[in-house]
Amino acid sequence: MEVLAKIDNVTKLYGKKVALSNVNLEIRPGEIIGLLGPNGSGKTTLIKILNSVLADYEGSITIDGQPIGVHSKSVISYLPDEPYFENWQKGTDVLEIFIDMYEDFDYDRCINLLKRFNIDPAMRFKSMSKGMKEKFLLALVMSRRAKIVVLDEPIGGVDPAAREIILDTILENYDENQTIIMSTHLIADIERIFNRVVFLKDGMVVLDDDVESVRMRTGKSVDELFREEFR
């Protein structure tokens with residue numbers, strides 16, 4: 001099967017602290033991957049490396065057959081764990097930026113998603129709640145026809161009812177040739193959409209398997225296995 005991203009022996013240090021240690025992963029089309037681990041396990045570091053936010057690491061990564069760089073940015077749609085717009089901006093300001101920056105941005109899809117989330121794109125971000133901002137960003141990111149979508153804690157600031165809407169939105173707008181990598185602490189709420197899980201512990205991959213195999217082998221849900229591994 002085609003490999004969209006190949007991560008070979010990636011190690012990242014912050015001074016003497018090891019954030020990632022010899023991480024090896026292959027990411028293929030059509031997967032929804034849960035990237036899971038406690039705080040400090042290396043999840044966000046790996047996500048930032050994939051998205052060109054961090055460049056100082058050992059090992060090699062190819063995305064869509066090429067090293068990380070201009071091309072990888074064009075095929076990855078990234079939702080960071082913190083908003084990257086200014087409070088004085090309107091939603092329409094950011095929509096215009098996405099139209100200019102990304103050829104694969106589907107404006108009509110984004111407007112439809114914002115309607116579903118009951119968000120007026122003419123609002124200024126200072127008037128939006130944390131949950132509204134997260135949903136606005138998710139609508140932007142899911143409206144790119146990117147090969148890889150990376151979501152770092154996409155539902156941390158929304159209430160349980162809104163989580164269901166967001167998860168349904170992800171599934172409904174997910175292309176079968178696309179791959180979604182999602183980092184989250186809310187495993188019990190989200191694991192229903194995963195078909196593969198990767199556990200990181202102290203910067204190392206301690207589990208990489210498809211969800212059904214995990215459940216059949218252990219007799220546990222992903223959330224139960226996670227709690228057992230990291231208690």
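Biologist: Which residues does Asp-104 touch, not counting residues up to four places away in sequence?

Modeller: First, a caution: this is a predicted model, where local features need pLDDT of at least 70 and side-chain atom pairs count only at pLDDT 80 or more, while totals for chains, interfaces and linings use all residues. Residues are numbered from 1 along each chain as its sequence is written, and side-chain values use heavy atoms, with hydrogens and water left out. Now, contact means heavy atoms within 4.5 Å. On that basis, Asp-104 touches Ser-74, Ser-143, Arg-144, Arg-145 and Ala-146.

Biologist: Is Asp-104 buried or exposed?

Modeller: Buried means under 20% relative accessible area, exposed over 50%, and partly exposed in between (1.4 Å probe, protein chains only). Asp-104 has 17% relative accessibility, so it counts as buried. You'll find Asp-104 in the loop between H3 and helix H4 (107–116); helices (H or I, at least four residues) and strands (E, at least two) are DSSP runs, numbered from the N terminus.

Biologist: And what lies over the face of Tyr-102?

Modeller: A charge sits over a ring if NZ of Lys or CZ of Arg is within 6 Å of the ring centre and within 35 degrees of the ring normal. Here that's Arg-144, at 3.9 Å from the ring centre of Tyr-102.

Biologist: How many aromatic pairs does the structure hold?

Modeller: Rings of Phe, Tyr and Trp (its six-membered ring) pair if their centres lie within 6.5 Å; planes under 30 degrees apart count as stacked, over 60 as edge-to-face and the rest as tilted. The structure holds eight such pairs. Take Phe-85 and Phe-136: edge-to-face, 6.5 Å centre to centre, with 90 degrees between the planes. Phe-85 is in the loop between strand E6 (76–79) and helix H3 (91–101) and Phe-136 is in helix H5 (residues 130–142), so the pair ties together parts 51 residues apart in sequence.

Biologist: Last one: what order do the strands of the open sheet have?

Modeller: Strands of a sheet pair through backbone hydrogen bonds, either parallel or antiparallel. Two strands count as paired if DSSP finds at least two bridges between them. This open sheet of four strands runs E2-E1-E4-E5, with antiparallel pairing. Strand E2 (17–27) and strand E5 (66–67) stand at the edges with a single partner strand each, so one side of each has no neighbour in the sheet. Seven bridges join strand E1 (residues 5–14) to E2, and Tyr-14 has Lys-17 in E2 as its bridge partner.
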